[in-house]
Amino acid sequence: MTDHSFDLVILGGGSGGYAAALRAAELGSSVALIEKDKLGGTCLHRGCIPTKALLHSAEVADSIRSSEHVGVRASFDGIDVAAVHAYREGIVAKKHKGLEGLIAARKITVVRGAGRLLDDGAVAVGDDRYRGTNVVLATGSTSRMIPGLEVDDRILTSEQALALPDVPRRAVILGGGVIGVEFASIWRSFGAEVTIIEALDRLLPGEDPALSKALERAFRKRGIVARTGVRFAGAESTGSGVTISLEDGSTLDADVLLVAVGRGPVTAGLGLEEAGIELDRGFVRVDERLRTTRPGVWAVGDIVPGLQLAHRSFQQGIFVAEEIAGLRPTIVPDSLVPRVTYSSPEVASVGLTEDQARAAHGEAIVVREYNLAGNGKSEILGTAGLVKVVRRLDGPVVGVHLIGDRVGELITEGQLVVGWEAHPEDIAPFIHAHPTQSEALGEAFLALAGKPLHAL
Ligand code: NAI
């Protein structure tokens, strides 16, 4: 065994781990970043980036199909799946190369291999031991599988779905959360018949019900079938397809079944509990400053209970690097983390839903909705949708909820407003460029301030 000493040893080179490494190196620390696969983790290689590339191919297909509506003659000749994958892989490869370059430029030592925490706090990789004054755990998450089901060429998780060699003719998606909704959108645009099975009573059950309702309406128009409030009973691969049975006695036949019922933390077999790190249902128990139960060991990203989002991981990685450096960074609660589902239409939100605001503040809240039908730019783009804003009575805006094409790019304004606890009266004087979709947010804030312009 050879011992190596660093200021910071990080286990996991995904969004949380590499963000911690970059920031710590910037602050002058020596850093070892241990990664058994590729730097960039799930988000870069199997999640955010490749799925958004597929969603862009899907958007282009839809634009071509509807081009005549805007007076452009074009014909849709189909999806070249191999070319779609080449485009997706090209994007990922470029980002990966950029990340490797950045890590090297910051003089971070990358250790290629699987690490395991030892009782004395060092991280073992093969015959080497990496000792850090501080250690950050950032091992991420993996798709959950329904007990009794196994991945094969018909039963898939998002990882296999991403690289499917053909567009399925009929796809069933188990789970109407973020992954289920994004893949439904992609496959429908690529020409598949899609059915989503969701146990709860609506799609995207974590979002405000107004957004779920609008999304279900938009999906219905697109021909995506959403079967909500129905429980899954079982699935069987038949060689040529898969038969899915539901607890209401019905069955569905499909070419593929995508299981998208959440992601679980990767914490087993890493020596964590033996080293005195408490877990809670597999997640790492941390305090609000991301300290685990072992002094000098921190955790960031999907292994920390809460929203499993790459930008939350980045933020937590930066936070821990700064905390270790004694900079006392600000804690960002999950309620201030923006959420975007990149389907067509997109769904984006930050802060409290109407129900959460009522639970927190009783009846002392005010809610306004602004329909994108009144927004010129949305009309031009041909997208339906809405803005829903929630404020405390005579108080700040506590929630912003959006649905419509491209609204993911608008949520930043909502995030600033909610994060800075702005009152609608303070925001009202700020004009929004005309014609933009951002005007819809401006209109909603005007309505909240009691002086609607184009709304009633
Ligand atoms: P999720 O937690 O968002 O949704 C899973 C859904 O499956 C839930 O609505 C749940 O009610 C349903 N479900 C669970 N068991 C079921 C059953 N037996 N039958 C029917 N429905 C069932 O998880 P998802 O979509 O797998 O995503 C995993 C994580 O990845 C999420 O935390 C998400 O935030 C993250 N992610 C984020 C993206 C984004 O920000 N755009 C994109 C993709 C994933």
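Analyst: A polar contact is a pair of N or O atoms within 3.5 Å; within protein, one atom must be able to donate a hydrogen and the other to accept it, and residues adjacent in sequence count only if both atoms are side-chain atoms. The model is predicted, so local features need pLDDT of at least 70 and side-chain atom pairs count only at pLDDT 80 or more, while totals for chains, interfaces and linings use all residues. Residues are numbered from 1 along each chain as its sequence is written, and side-chain values use heavy atoms, with hydrogens and water left out.

An unreviewed UniProt entry gives the feature "binding site" at Gly-175, Gly-176, Gly-177, Val-178, Ile-179, Gly-180, Val-181, Glu-182, Glu-198 and Gly-262. These positions span 88 residues in sequence, yet no two of their C-alpha atoms are more than 13.9 Å apart, so they gather at one spot. UniProt positions follow the numbering used here, feature names are shortened, and annotations may be inferred rather than shown by experiment.

Glu-198 belongs to strand E10 (residues 193-198); helices (H or I, at least four residues) and strands (E, at least two) are DSSP runs, numbered from the N terminus. The side chain of Glu-198 reaches the backbone nitrogen of Gly-176 at 2.7 Å. With contact meaning heavy atoms within 4.5 Å, and residues up to four places away in sequence not counted, Glu-198 touches several residues, among them Gly-175, Gly-176, Gly-177 and Arg-227. Glu-198 is buried at 9% relative accessibility, where buried means under 20% relative accessible area, exposed over 50%, and partly exposed in between (1.4 Å probe, protein chains only).

Gly-180 sits in helix H6 (residues 178-189). Its relative accessible area is 0%, so Gly-180 is buried.

Now the strands. Domain 2 covers 155-261, with bounds from an automatic or database domain assignment. Strand E12 (residues 232-237) pairs with E13 in the antiparallel sense over five bridges; two strands pair if DSSP finds at least two bridges between them. Glu-236 has Thr-243 in E13 as its bridge partner. Four residues lie between E12 and E13 in their hairpin, and Gly-239 in the turn has a positive phi of about 90°. E13 also pairs with strand E14 (residues 251-254), again antiparallel, over four bridges.
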